[in-house]
Amino acid sequence: MREETFSDDDVAESDLVTRRGTFRAVAFRADGHEHMALVHGRTAMREDVLVRVHSECMTGDIFGAMRCECGDQLDAALDRIVAEGSGILVYLRGHEGRGIGLVAKVRTHVLQDEQGMDTLDSATTLGLPVDIRDYSPAARILKHLRVGSVRLMSNNPDKIEALERNGIAVSARVPHLARPNPHNIGYLTAKRDRLGHDLPQVDVFTSADQPTDLPTAR
Ligand SMILES: [Zn+2]
């Protein structure tokens, strides 16, 4: 069993002023990785706290890659938290490529680009698992932050199940839909059809004459 609490040696926090507003930045060491929670407004001992548990994606989050929706989801989550006046974004490291790592993720991109494989087949062809992300650090972080219950911004039922299994009460799932583009529509379709993510905007994008009418998370 992993320990449930963090020792003082493994936590540090400060204010962090960003373009969107001021957050409390809380850094954690857990299981060989360093994670961060951005806390906006009052969230401790509150119920129904708006939360995003975000898996790191260097290509999407930092470089704005369009082959996935990670960067859009990160931006939208922070926008939504600030718009509501409170909430938490938990940024989980060690989650590149659903846990296979950055080098392996880029190898899957080669197979996707050169052989037309989807995000799942490109991993399994390389002998890699489809999703080995561990959400228990996020649960530990949310417990450390003394959150009562969370409204989770996610399209992934597995993520809710994982948080609940690790002792976090999820009072609602808030759809977190990014606008598809021609570079990620195949990726989103595979996530919907093969990983069970709830992504209604995929149909809207592929059938609508006016994609500007897409539902978005904002
Ligand atoms: Zn990504």
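**View 1. Val-53 in strand β4.** Val-53 is placed in strand β4, residues 49-55 (strands are DSSP E runs of at least two residues and helices H or I runs of at least four, numbered from the N terminus). The model is predicted, so local features need pLDDT of at least 70 and side-chain atom pairs count only at pLDDT 80 or more, whereas totals for chains, interfaces and linings use all residues. Residues are numbered from 1 along each chain as its sequence is written. Val-53 is buried, because 29 other C-beta atoms lie within 10 Å (buried means 20 or more other C-beta atoms within 10 Å, exposed 12 or fewer, partly exposed in between, with C-beta atoms placed from the backbone).

View 2. Beyond its neighbours within four places in sequence, Ser-55 is in contact with Leu-92, His-95 and Arg-133 (contact means C-beta atoms, placed from the backbone, within 7 Å).

**View 3. The open sheet.** Seven strands, in the order β1-β2-β3-β5-β4-β6-β7, make up an open sheet of mixed pairing (two strands pair if DSSP finds at least two bridges between them). Strands β1 (11-17) and β7 (170-174) are at the edges, each with a single partner strand, so one side of each has no neighbour in the sheet.

**View 4. The pairing of β3 with β5.** Strand β3 (residues 33-40) pairs with strand β5 (residues 87-92) in the antiparallel sense over five bridges, and Met-36 stands opposite Tyr-91 in β5.

Notes: Two residues are in contact if their C-beta atoms, placed from the backbone, lie within 7 Å.
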